[in-house]
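Colleague: I'd like to learn how to read helix packing and sheet pairing in a model. Can you walk me through one?

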Amino acid sequence: MLETLSPPRTHRSDPARPLPVLYVSGLQEMSAALAPGTDAAICNRAIPRTVQDWIDQLPAENLPAGRVVLTPSKVSDCIADLFAAQGILSSPPVSWIQADAEQMAYAVADLVGTGLVRLRLEPVFDDACSKLHIDNVVARLICTYRGPGTVLGLDSGHEAALQTVPTGLPVLLKGKQWPGAQMPELRHRSPAILGSGQSRLMLVLEGCTEKDIFPAYDEIYQS
């Protein structure tokens, strides 16, 4: 059952024009929440404290990175391999992230109706995508495991109308290719961290077909 929850206090929109965002209580409810008038769903869950502490204590130079196309069934192994490439072997926190990423990958693939997903596990040390925008995809799921989360807002240019997704909460966003005549109104951007000494670790997932693969950028994951 969908429910609107009060998010933790962050940048918040003008009450006269709330953002078209719905908070839900579980990952399985995120896709159903993207109804007309709702451009994003945020799963109001908490990362286990032991996992969050472990992620936050990783040296920035050891944060894993990768951009791969694969089936959801291979996501768990892929996450393990990306951590192992940085010298981080299996542990309870890594296992938790593996299971979490796999569950989110299945949710995205089911929503978009593709057998493949594009997965990016990406450390970020600057402001990255600093302008409010809509991605040219059907839908995109972003989960910031470390550091400040994605910033949501309307294309109004008013800084007061921004909301920051809390760390660890997945947000599922409609993209430009979302079916229907009405273009999503909600935009998003990266938080400003350049010069702050902060680092982020983001997981990004989107549905992908074989014709959507970019050979210059995407690696086909082979477990």
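Predicted model: local features only at pLDDT ≥ 70, side-chain atom pairs only at ≥ 80, totals over all residues.

Colleague: What is the relative accessibility of Asp-53, and how does the residue count?

Modeller: Asp-53 has 30% relative accessibility and counts as partly exposed. The cut-offs: buried means under 20% relative accessible area, exposed over 50%, partly exposed in between (1.4 Å probe, protein chains only). Asp-53 and Arg-146 are 93 residues apart along the chain, and their C-alpha atoms are separated by 9.5 Å.

Colleague: At what angle do helix 2 and helix 4 pack?

Modeller: In general, two packed helices are described by the angle between their axes and the distance between the axes. Here, helix 2 and helix 4 pack at an angle of about 105°, with their axes 9 Å apart. Axes are lines fitted to C-alpha atoms, for helices over the stretch in contact, and angles run from 0 to 180 degrees between N-to-C directions. Helix 2 and helix 4 are therefore roughly perpendicular to each other; the classes are roughly parallel under 35 degrees, roughly antiparallel over 145, roughly perpendicular from 65 to 115, and oblique for the rest.

Colleague: Which residues of helix 2 and helix 4 meet?

Modeller: Val-51, Trp-54 and Ile-55 in helix 2 meet Pro-93, Val-94, Trp-96 and Ile-97 in helix 4, with contact meaning heavy atoms within 4.5 Å. By class, that contact has seven nonpolar, no polar and no charged residues. For the classes, Ala, Val, Leu, Ile, Met, Phe, Trp, Tyr, Cys and Pro count as nonpolar, Asp, Glu, Lys and Arg as charged, and the others, Gly among them, as polar.

Colleague: And how far apart are the axes of helix 3 and helix 4?

Modeller: The axes of helix 3 (residues 75-84) and helix 4 (residues 92-112) are 8 Å apart, and the packing angle is about 140°. That makes helix 3 oblique to helix 4. On the helix 3 side the contact is made by Val-75, Ser-76, Asp-77, Ile-79, Ala-80 and Phe-83, and on the helix 4 side by Val-94, Ile-97, Gln-98, Ala-101, Glu-102 and Ala-105. Sorted by class, the contact of helix 3 with helix 4 has eight nonpolar, two polar and two charged residues.

Colleague: Is Val-75 buried or exposed?

Modeller: Val-75 is buried, with a relative accessible area of 0%. Not counting residues up to four places away in sequence, Val-75 touches Leu-70, Ala-101, Glu-102, Ala-105, Val-117 and Leu-119. Ser-76, also found in helix 3, counts as buried at 16% relative accessibility. Leaving aside neighbours within four places in sequence, Ser-76 is in contact with Gln-98 and Glu-102.

Colleague: Which pairs run parallel or antiparallel?

Modeller: Strand 1 and strand 2 pair in the parallel sense over four bridges, and Val-21 has Ala-40 as its bridge partner in strand 2. Strand 4 and strand 10 (residues 200-208) pair in the antiparallel sense over nine bridges, with Arg-118 opposite Glu-206 in strand 10. Strand 3 (residues 66-70) also runs antiparallel to strand 4, joined by five bridges.

Colleague: What covers the story for strand 2's faces: which residues are buried on each side?

Modeller: In a regular strand the side chains alternate between the two faces of the sheet. In strand 2 (residues 40-43), Ala-40 and Ile-42 on one side and Ala-41 and Cys-43 on the other are all buried.

Methods:
Residues numbered from 1 in each chain as written. Heavy atoms only, no water. Helix = DSSP H or I, 4+ residues; strand = E, 2+ residues; numbered from the N terminus. Pairing = 2+ DSSP bridges.
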